[in-house]
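Work through the exercises below with the sequence and model open. Try each task before reading its solution.

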Amino acid sequence: MTALETPPISTTEASDSERMPQPRATRGRNRTTKIRGVRAGFWVYVGLGVVLVGALFPFYWSFLIGSGDSSTINDPNMSWIPGGNFLENAATVVNDPAVNFWRALGNSITSSLLIAASVVVTSTLAGWAFAKLRFPGSKPLLVFVVATMAVPMQLGVVPLYILFSDLGWTGNIGAIVIPAVTSAFGVFWMTQYLQQSVPDELIEAARVDGASMIRTFWTIGVVAARPAAAMLGLFTFVTAWNNFFWPFIVLDRSDPTLPVALSLLQSNHFVDYSIVLAGVLLSTLPLLLLFVFAGKQLVSGIMQGAVKG
Amino acid sequence: MTATATRPPAPPTSRPPRPPRVISFSQRLSRWDLKVSPYLYISPFFIMFAVVGLFPIAFTAVISFMDWDLVRNSGQFIGFDQYAWILGQPQFWTALRNTFSIFLFSAVPQLIAAIFIAAMLDRNIRAKTFWRMGVLVPFVMAPVAVALIFSNMFGDNHGLVNNILTDVGLPAIQWHKDAFWSHVAIATMVNFRWTGYNTLILLAAMQAIPRDYYEAATVDGAGAFRQFRSITLPSLKPTLIFVIITATIGGLQIFDEPRMFDQFGRGGAAQQWLTITLYLYDIGWGQWNFGRAAALAWILFLIILIIGLINLLVTRRLVRDEGRR
């Protein structure tokens, strides 16, 4: 493997340039940038541009159709400029009594917030214990948590459905919040993060000073965990918002979340796709807004999770 | 403070006399704190997980051996009958085939695309954050929403894709009739939503590769492609294993996209795009047979486990081979 053989050469290269006298420094700098070969050229931007267009096109397409009328889709000479019917179509979506758009929006917001908050709290607590406290059984328990990440949701839906219909909770958003209040991924994520971001000495110092465990957790753990907790919360929120399978099973059609409402929209309006796609855009708008403000954090969250995970 | 104070004084023979170990209340509290706290902190997770995670899994196993009566809310043990029934259904095998086919059409092109996009993002580009956010935008759209947009674009009669195909002189494709093409369409939805996400994971792994490897390779005269093949790809292996395994777990569970591919949500007139989870939903909440649904859930889990293990073994071997070369 070249990668393993080459470092020595690069060290000599580096020490060479170190020995170089001042006047050559600028040339040296130029050369290193060139050696790294990373100043991206024209074609990289073209490639990325194509990717970006591909990522955004479906949004534009749904606006194009969603702002037309029922005939737009069948028009062979369809214009690529949006029509003026978007608000009208959106109004149809919002006012359709079979879709319950506002209830769905409210349910989506409430349930996703509750799920994100409880996942963050339980994961931070457990992550702190796994990362920084020594206790018998910690290793096997953590392995167990990681192993459960492979268990599909499908494996729980039948008993959960039986349980919630026994309790009379089917149709209640409690039925979609309760099964999602913890996340093995979240525990794993916080454990990884806290392991690396809090030095053990800090905790020992706090203990020596007589701080109780809860105080140590509160003043060191929680403070250190904040960035990771924010990312976990964001990620969980998006996942919960987009979740469909379980809400579709357990919720009543009269009291849906947004994805369930979209499926109702499809079965009611499949002859007029302008209304369906207007609804699609409408239901995506809240997350797009969130993405504008927090997309950067989501990006760095996913990237950090990758390195540590 | 109390127990130790009443202890008889140490016998005079033991000199120098150890001062009696006086453990104050606060010290004992502190020790108790040290021992119990970790369990206290992990308990919210584990208690909730036991209730909403472990219990249902175990109970699914129990139900899968039962003929479950929805009215009486109890069941009768019938052994492996439900499993046998599932495995005897041609629909199950169709669903299995479709699930794998959709999974392959989504996982393979998606990973290849993600690697190349990540390689582009790894270059020294301007407005890094802008491009990174750009590739992640599709991730915020719900799979249901993605499926609605794409099933429109892949419409059989006036869909965008067919319009383009006929414009350039190719025959239109029956996206909703032909099994193969319906899998391509559904896989496209998955790819649209997940490529950017995997790109970012791979990008993070690429950025962790020391830059002097590349410098050295350049000095050795290796071109961009050679560097990519001999440095980037081998260093990505652990991350690729992670990404492939996550994609397997998620991909074999696919439900949202095939469910929304037409307005009936039953996997097509001839089960062209019926997937395992779609079939599970139909058995459980269409035919209301919970015993069979539970058996199918366990079968799905076992399939995921087996495929995950195969993935792990194959990729591990590949990594070792790479190391030997």
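## Exercise 1: A bent helix

Helix H1 of chain B, residues 25-64, has a kink of about 45 degrees, centred on Ala50(B). This is a predicted model.

**Task.** Find which residues of H1(B) are buried.

**Solution.** 
- Step 1. Set the cut-off: a residue is buried if 20 or more other C-beta atoms lie within 10 Å of its own.
- Step 2. Pro38(B), Tyr41(B), Ile42(B), Phe45(B) and Phe49(B) are among the buried residues.
- Step 3. Continue along H1(B). Gly53(B), Pro56(B), Thr60(B), Ile63(B) and Ser64(B) are buried as well.

## Exercise 2: H1(B) meets chain A

**Task.** Determine how H8(A) and H1(B) pack, and which residues make the contact.

**Solution.** 
- Step 1. Locate the partner: H8(A) covers residues 154-167.
- Step 2. Take the geometry. The two axes are 7 Å apart, and the packing angle is about 85 degrees.
- Step 3. Classify. Angles of 65 to 115 degrees count as roughly perpendicular, so H8(A) is roughly perpendicular to H1(B).
- Step 4. List the contact. H8(A) supplies Leu155(A), Gly156(A), Val158(A), Pro159(A) and Leu160(A). H1(B) supplies Gly53(B), Pro56(B), Ile57(B), Phe59(B), Thr60(B) and Ile63(B).
- Step 5. Sort by class. The contact has eight nonpolar residues, three polar ones and no charged ones.
- Step 6. Cross-check with Exercise 1. Gly53(B), Pro56(B), Thr60(B) and Ile63(B) are buried and belong to this contact.

## Exercise 3: Chain B as a whole

**Task.** How does the radius of gyration of chain B stand against that of a compact globule of 325 residues?

**Solution.** 
- Step 1. Count elements: chain B has 12 helices and two strands. Their order is α-β-β-α-α-α-α-α-α-α-α-α-α-α.
- Step 2. Compare. The globule would have a radius of gyration near 20 Å, whereas chain B has 29 Å.
- Step 3. The C-alpha trace spans about 110 × 75 × 40 Å along its principal axes.

Notes
Residues numbered from 1 in each chain as written. Chains lettered and ligands numbered in written order. Predicted model: local features only at pLDDT ≥ 70, side-chain atom pairs only at ≥ 80, totals over all residues. Bend = angle between axes of the 7 residues up to and from the residue. Helix = DSSP H or I, 4+ residues; strand = E, 2+ residues; numbered from the N terminus. Buried ≥ 20, exposed ≤ 12 C-beta atoms within 10 Å, placed from the backbone. Axes fitted to C-alpha atoms, helices over the stretch in contact; angles between N-to-C directions. Parallel < 35°, antiparallel > 145°, perpendicular 65-115°, else oblique. Contact = placed C-beta atoms within 7 Å. Nonpolar A, V, L, I, M, F, W, Y, C, P; charged D, E, K, R; others polar. Rg over C-alpha atoms; globule rule 2.2 N^0.38 Å.
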